[in-house]
Amino acid sequence: MLRSIIICPDLELSESLQANLLDLGQVAVLKAVDKYPHAHELLRIVRTNGPQVIFLSLQQIDRALEVVKELEQSAPGVQFVAVSRTTDPQVLIDVMRVGIREFLSLPFNLQVVADSVTRLREALDKRPVVMHSTDLLFAFLPSKAGSGTSTIAVNAAIAMSRHLQDNKALLTDLDLNGGMIRFMLKLENEYSIVDAAEHSLAMDENLWPQLVTSVGNLDVLHAGRINPSFRLEGTHVRHLLDFARRNYKSICVDLSGNMEKFSLEIMLEAKKIFLVCTPEIPSLHLAREKYMFLKNIELGDRVSVLLNRCTKRNQVISPEQIENLLGMPVTMTFPNDYHGVHAALTAGRQVDPNSELGQHFQTLARTMLDSSHSGPSAATPAAAAKKKGLLDMFFKPAGGNRGGVPAPAGANPPK
Ligand SMILES: Nc1ncnc2c1ncn2[C@@H]1O[C@H](COP(=O)(O)OP(=O)(O)O)[C@@H](O)[C@H]1O
Ligand SMILES: [Mg+2]
C-alpha cells in the first residue's frame with residue numbers, strides 16, 4: 001500500500017477521490033485535510049503520517065505551489081498528484097506551473113487512477129522519499145529484573161533531553177507487565193503504549209500529544225497498568241518507531257528483559273543497547289547469556305554494559321573478575337545510592353543531578369548524544385534485512401521455541 005494524504009478544500013472532490021482509492025485498494029489515505037496547511041502545520045502532518053504521495057487540489061494555485069515548494073525541501077522524493085474538478089486549459093497550465101506530472105480530474109476513472117498509481121510506484125522505487133528520521137535510538141535492557149534499568153533509562157533520558165534546545169526526546173516504557181516509569185515520574189496520563197499501539201497505523205498529530213506526558217523537553221509514554229492480554233505486534237512497533245524517528249531527536253526505550261520478539265525488533269533498530277547489570281553473580285551470568293545471544297544475531301557490536309549499584313567498600317568481586325564473567329568490558333559504572341534513588345522516587349522526579357549518581361547519568365547522556373557522530377549506525381537496509389532473517393529463525397513457530405523466549409545462544413533451528 002502506498003501511504004498518501006489529500007489536501008483538498010473541495011470536500012466533494014476529496015470524497016470522490018477517497019472512494020476511488022478505496023476501490024483500487026493500493027493507496028491508503030492517512031489523512032484528508034480541507035485547508036492548505038501553512039509550513040509549520042504541513043510539516044507536522046507530514047512527520048506524523050510519513051506519506052509517499054500527496055493528492056493536491058489546485059483550487060488555490062498559490063497555496064498549492066507553497067505546499068509543493070515546502071515539501072520539496074522537507075520531504076524530497078514525495079510524489080504529487082494534482083486533482084481538479086475539470087480539465088480546463090487553465091487547470092492544465094496550472095498543473096505545469098506547479099511542476100506536477102500526475103493529474104486526475106472528475107469523473108475519476110478507476111483505470112486512469114490505477115495507471116497513475118503504477119507510475120507513482122515506479123518513481124518512488126527509483127527515488128524513495130527522504131524524510132528526516134533520527135538514528136539516535138537507545139534500548140535499555142536489564143540483565144535481570146531489578147538491575148536498575150528503568151532508573152538509568154529515566155534519568156539518562158531526562159539528562160539528555162536537557163541538552164536538546166529546539167528538539168525533543170522520547171522515553172517509552174515497553175515493560176508491558178512491570179512498567180515502572182509511570183510510577184517513577186508520577187504520571188497521571190491514562191493513555192499508554194496500549195493506545196499508541198492501537199493507533200500506530202494511522203497516528204494522528206492531534207492524538208499523539210495526548211498520549212505522552214511532557215517533562216521539559218522529554219515526552220514520556222508509559223506502559224499503563226498490568227494487562228496480560230495485551231500483545232504488542234511487530235507492525236505496531238515498527239510504525240511507532242518510524243513515527244518517533246521522524247518526530248524526535250532521540251528515543252530511549254525501556255525494555256523488560258524478557259526478550260520478547262518486539263524488543264528484539266527494537267534492538268535491531270537501536271544505535272546502542274545498554275545492558276544493565278549489578279555486580280552480583282546471577283545478574284552477571286544473565287548479562288553474559290544475553291550478550292552471547294545478541295552476538296549470535298549480530299547485534300554484539302552495539303551492546304554496552306552498564307554496571308549499576310557498585311559499592312566502593314565491601315567489594316566481593318573485583319572489576320577484572322566481573323569482566324571475565326561478562327566476557328566483555330564494562331562501559332560505565334554507577335554508584336549505589338539508595339537514599340538518592342529513594343528521594344527521587346518519593347518526589348516523582350529525577351535523581352539530584354548534582355549528586356554523584358546524578359553526575360553519572362549526565363555523563364551517560366552526553367555519550368548518547370555524542371554517538372550521533374560515531375558508532376554503528378542503525379544498519380543499512382541490507383544489513384538490517386540480514387539481521388531480521390537471523391531473528392526470524394529464533395521465532396519460527398516450529399523452532400522449538402515457545403512463549404516468546406528465544407532459543408539458547410548458538411541454537412540452530414531444526415532442519
Ligand atoms: N544506583 C542505584 N542505587 C540504589 N538503588 C538503585 C539504583 N538503581 C536502581 N536502584 C533501585 O533498584 C530497584 C530496581 O530498579 P529498576 O530501575 O526498577 O530496575 P529494572 O528496570 O532493571 O527492573 C529500584 O528499587 C531502584 O530504586
Ligand atoms: Mg524496568
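**Exercise 1. How are α12 and α13 oriented to each other: oblique or roughly parallel?**

*Solution.* The model is predicted, so that local features need pLDDT of at least 70 and side-chain atom pairs count only at pLDDT 80 or more, while totals for chains, interfaces and linings use all residues. Residues are numbered from 1 along each chain as its sequence is written, and chains are lettered from A and ligands numbered from 1 in the order in which they are written.

Step 1: locate the helices, which are DSSP runs of H or I with at least four residues, numbered, like strands (E, at least two), from the N terminus. Helix α12 covers residues 281-296 and helix α13 covers residues 319-326.

Step 2: take the geometry, with axes as lines fitted to C-alpha atoms over the stretch in contact, and angles running from 0 to 180 degrees between N-to-C directions. The angle is about 40°, and the axes lie 8 Å apart.

Step 3: classify the angle, given that under 35 degrees counts as roughly parallel, over 145 as roughly antiparallel, 65 to 115 as roughly perpendicular and the rest as oblique. The pair α12 and α13 is therefore oblique.

Step 4: name the residues in contact (C-beta atoms, placed from the backbone, within 7 Å). From α12 come L284, A287, R288 and Y291, which meet I322, L325 and L326 of α13.

**Exercise 2. Explain why V113 counts as buried, and describe its surroundings.**

*Solution.* Step 1: V113 sits in helix α5, residues 110-126.

Step 2: apply the rule that a residue is buried if 20 or more other C-beta atoms, placed from the backbone, lie within 10 Å of its own, exposed if 12 or fewer, and partly exposed in between. V113 counts as buried because it has 20 C-beta neighbours inside 10 Å.

Step 3: leaving aside residues up to four places away in sequence, V113 touches N20, L24, L104 and F108. The C-alpha atom of V113 is separated by 9.8 Å from that of E102, 11 residues apart along the chain.

**Exercise 3. Which residues of the largest nonpolar core touch the most other members?**

*Solution.* Step 1: a nonpolar core is a set of buried Ala, Val, Leu, Ile, Met, Phe, Trp, Tyr and Cys residues joined through C-beta atoms within 7 Å.

Step 2: among the 73 residues of the largest core, A139, F140 and A156 touch the most other members. Helix α6 (residues 149-162) gives the most to this core, with eight residues.

Step 3: with residues up to four places away in sequence not counted, A156 touches C252, F361, L364, A365 and M368.

Technical notes: Contact = placed C-beta atoms within 7 Å.
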